[in-house]
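Visitor: I've got a model to look over. Can you walk me through the packing, starting with what you call a contact?

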Amino acid sequence: MMRGTNNLIGIINFITFLASIPILGGGIWLSSRANSTECLRFLQWPIIIIGITIMVISLLGFIGACYRQTWLLQLYLFVMFLVIIALIGFIVFAFGVTDSGHGQVIVYRSFLEYQLSDYSGWLKDRVSDPKYWSKISSCLRDVHACSGMRRTIRDPATGMVLSESADMFNQRQLSPIQSGCCKPPTSCGFVYVNETLWNIGAQMLVNDMDCNRWSNDQQQLCYHCDSCKAGLLATLKHSWRKVSIINIVILIILVFVYVVACAAFRNNKRMDNDEAYGETRMTKSRPSRFQF
C-alpha cells in the first residue's frame, strides 16, 4: 500500500512537471518578444513564475515520493500548502475585482458600448491611473488593436472596392476594445465615413468628454477615451473570469495531490520508524493484573 501511494504521487508530480515545461516556455517566448510592447512585459513574469513554481514543486514531490526523502516531502507539503492558499486568494480576488461593470445595449446596434462609470473598485483605479494607462494605450497602438476594424466590399456594378456602409457596420459584433477604443461613442452623433474615420455631426447629442477626445488620427483614435478604459476593463473581466474557472479546476487537482502527498508522508515516517504498515499500537486504559 505505501509503495503504491508513493508511486501514485510520483506519477502525478511527473506529469505535472512535464505540463510546466510548455508554461515556462511560453513565458520565455513572451520575454523574447517583449522588446517594445509594454503589455507583453507585464504578462511574461506571472507566466514564468507560475511555470517555475509548478516545476519545482513537482520535482520535490517526485523525488520525495520515489526515494522516500521525508524532508523533501515536508518541504513539498509546506510549499504546496502556500500555493493552494495563494490560489484561493487569487480566485477570490479575481471574482471580487471583476464583479461590477457590463456592456450597454444601443438601439439599432449589434455591438455593445462601455462606460467607465459602470465599473468600480481596485481594477478601475489601476487602469485609470495616468501612468499605467499611458503604457496600456502605447501597447494598444503597438499591436494595432484597431487594424482589424477595416472591412471592404466590392461594388457589383463597377467592381470598385469600397468601405462597408454604416448600416453594415452597425450590425457587426465588435470586441470591447474595438467598441471602446476604435470608434467614438454613438452618443456623440458623429457621421460615419469608415470604421475608424468619423466626421463631426451637426450637433452633439450628449455632453460627453470622449466626443472631444476622439481623433481621426489613426495613431490616436479614442485611445485616451474613458470608453477605451471601460472596454479594456470588460476584456479583463471576461479573461479573468475564464482564468478563475480554470484555476478552480487546478485548485481541485492540487488539493487531491496534497492529500495523496500527506498519505505518502505518513507512510515514509512509518517506514523511518520501522513500523510495519497496518500495525496498530493499542494500550489499555486499565491493564490486566494477569500477565501471560
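Guide: Contact here means heavy atoms within 4.5 Å. One caveat before we start: this is a predicted model.

Visitor: Fine. What does F169 touch, leaving out residues up to four places away in sequence?

Guide: F169 touches F111, M149, E164, L174, K183, Y192, E195 and W198. F169 is buried, because its relative accessible area is 0% and buried means under 20%.

Visitor: Which residues touch the most other members in the largest nonpolar core?

Guide: They are W133, L140, F169, C181 and Y223. That core has 33 residues.

Visitor: Which helices each supply at least two residues of it?

Guide: Those are α4 (122-128), α5 (130-142), α7 (176-181) and α9 (226-272). Helix α9 gives the most, with 5 residues.

Visitor: What lies apart from that core?

Guide: Another core, of 20 residues. Its members include L73, L77, V260 and F265.

Visitor: Switching to rings. How do you describe a pair?

Guide: A pair of aromatic rings is described by the distance of the centres and the angle of the planes.

Visitor: And how many aromatic pairs does the count come to?

Guide: The count comes to 5 aromatic pairs. One of them joins F93 and W122. Their ring centres are 5.3 Å apart and their planes sit at 65°, so this pair is edge-to-face.

Visitor: Where do F93 and W122 sit in the chain?

Guide: F93 is in helix α3 and W122 is in helix α4.

Visitor: What about F111 and F169, what kind of pair do they form?

Guide: A tilted one. The distance is 5.8 Å centre to centre, with 55° between the planes. F111 counts as buried, at 2% relative accessibility.

Visitor: Which residues form one aromatic cluster with F111 and F169?

Guide: Y192 and W198.

Visitor: Now N170. Where is it, and what does it touch?

Guide: N170 lies in helix α6, residues 166-170. Leaving aside residues up to four places away in sequence, N170 touches Y108, R109, S110 and F111.

Visitor: Why does N170 count as buried?

Guide: Because its relative accessibility is 12%, and the cut-off for buried is under 20%.

Visitor: On to C225. Where is it placed?

Guide: C225 is in the loop between α8 (209-213) and α9. At 0% relative accessibility, C225 counts as buried.

Visitor: How are C225 and C181 separated?

Guide: Their C-alpha atoms are separated by 7.1 Å. Along the chain, the two cysteines are 44 residues apart.

Visitor: And what is C225 in contact with, beyond its neighbours within four places?

Guide: D210, R213 and W214.

Visitor: Last topic, the surface. Which residues make the nonpolar patch?

Guide: W71, L75, F78, F81, L82, I85, I88 and V92 make a nonpolar surface patch of about 790 Å². One of these, F78, has its place in helix α3, residues 70-97.

Notes:
Residues numbered from 1 in each chain as written. Predicted model: local features only at pLDDT ≥ 70, side-chain atom pairs only at ≥ 80, totals over all residues. Heavy atoms only, no water. Patch = residues over 30% accessible without salt bridge, like charges linked within 9 Å, V, L, I, M, F, W, Y side chains within 5 Å. Areas by Shrake-Rupley, 256 points an atom, 1.4 Å probe, with all protein chains shown as cover. Salt bridge = Lys/Arg side-chain N within 4 Å of Asp/Glu carboxyl O. Helix = DSSP H or I, 4+ residues; strand = E, 2+ residues; numbered from the N terminus. Core = buried A, V, L, I, M, F, W, Y, C linked by side-chain atoms within 4.5 Å. Buried < 20%, exposed > 50% of the residue type's maximum accessible area, 1.4 Å probe, protein only. Phe/Tyr/Trp six-rings, centres within 6.5 Å; stacked < 30°, edge-to-face > 60°.
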